[in-house]
Amino acid sequence: MAGASKNSRKTVTTHKFFCSCGGEVIMKTLFESGKIKNVAECGSCKRVERRPKDFK
């Protein structure tokens, strides 16, 4: 009898990051000079960082 695959047993969690101003941090993908660049931006104060952890 076959069991469920390992990937089907995993739970998916999403982590929300918040800026010090209280706004929610969202990830954006930018295409600049032929390269894809991921940046994190606060929705309320428009602060841009490289990773969501940098907002602390």
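**Entry 1: a first question**

How many bridges join β3 to β4, and which way do the two strands run? I looked this up and found two bridges, with the strands running antiparallel. Two strands count as a pair if DSSP finds at least two bridges between them.

**Entry 2: what I am looking at**

I note that this is a predicted model, where local features need pLDDT of at least 70 and side-chain atom pairs count only at pLDDT 80 or more, while totals for chains, interfaces and linings use all residues. Residues are numbered from 1 along each chain as its sequence is written, and side-chain values use heavy atoms, with hydrogens and water left out.

**Entry 3: the elements**

I found one helix and four strands in the chain. Read from the N terminus, their order is α-β-β-β-β. The radius of gyration (taken over C-alpha atoms) is 17 Å, well over the 10 Å that the globule rule gives for 56 residues, so the chain is more spread out than a compact globule. That rule is 2.2 Å times the number of residues to the power 0.38. Helices here are DSSP runs of H or I with at least four residues, and strands are runs of E with at least two, numbered from the N terminus. I also looked up the span of the C-alpha trace along its principal axes, which is about 55 × 35 × 15 Å.

**Entry 4: walking across the sheet**

The four strands make an open sheet in the order β1-β2-β3-β4, with antiparallel pairing. At the edges I found β1 (17-18) and β4 (48-49), each pairing on one side only.

- β1 and β2 (residues 24-32) are antiparallel and joined by two bridges; F17 stands opposite V25 in β2.
- β2 and β3 (residues 35-42) are antiparallel and joined by eight bridges; T29 has N38 in β3 as its bridge partner.
- In β4, E49 is the residue that A40 stands opposite.

I then checked the turns. The hairpin of β2 and β3 has two residues between the strands, and S33 in that turn has a positive phi of about 45 degrees. The hairpin of β3 and β4 has five residues between the strands, and K46 in its turn has a positive phi of about 60 degrees.

**Entry 5: the core**

Which residues make up the largest nonpolar core? I found five: C19, V25, A40, C42 and F55. Such a core is a set of buried Ala, Val, Leu, Ile, Met, Phe, Trp, Tyr and Cys residues joined through side-chain atoms within 4.5 Å. Buried means under 20% relative accessible area, exposed over 50%, and partly exposed in between (1.4 Å probe, protein chains only). Over the chain, 16% of the 56 residues count as buried.

Leaving out residues up to four places away in sequence, V25 touches F17, F18, C19, A40, E41, C42, P52 and F55. Contact means heavy atoms within 4.5 Å.

**Entry 6: the cysteines**

How many disulfides does a search of the whole structure find? It finds zero, where a disulfide would be a pair of cysteine sulfur atoms within 2.5 Å. For C19, the nearest cysteine sulfur is that of C21, 3.8 Å away. C19 is buried, with a relative accessible area of 7%. C45 is partly exposed, with a relative accessible area of 38%.
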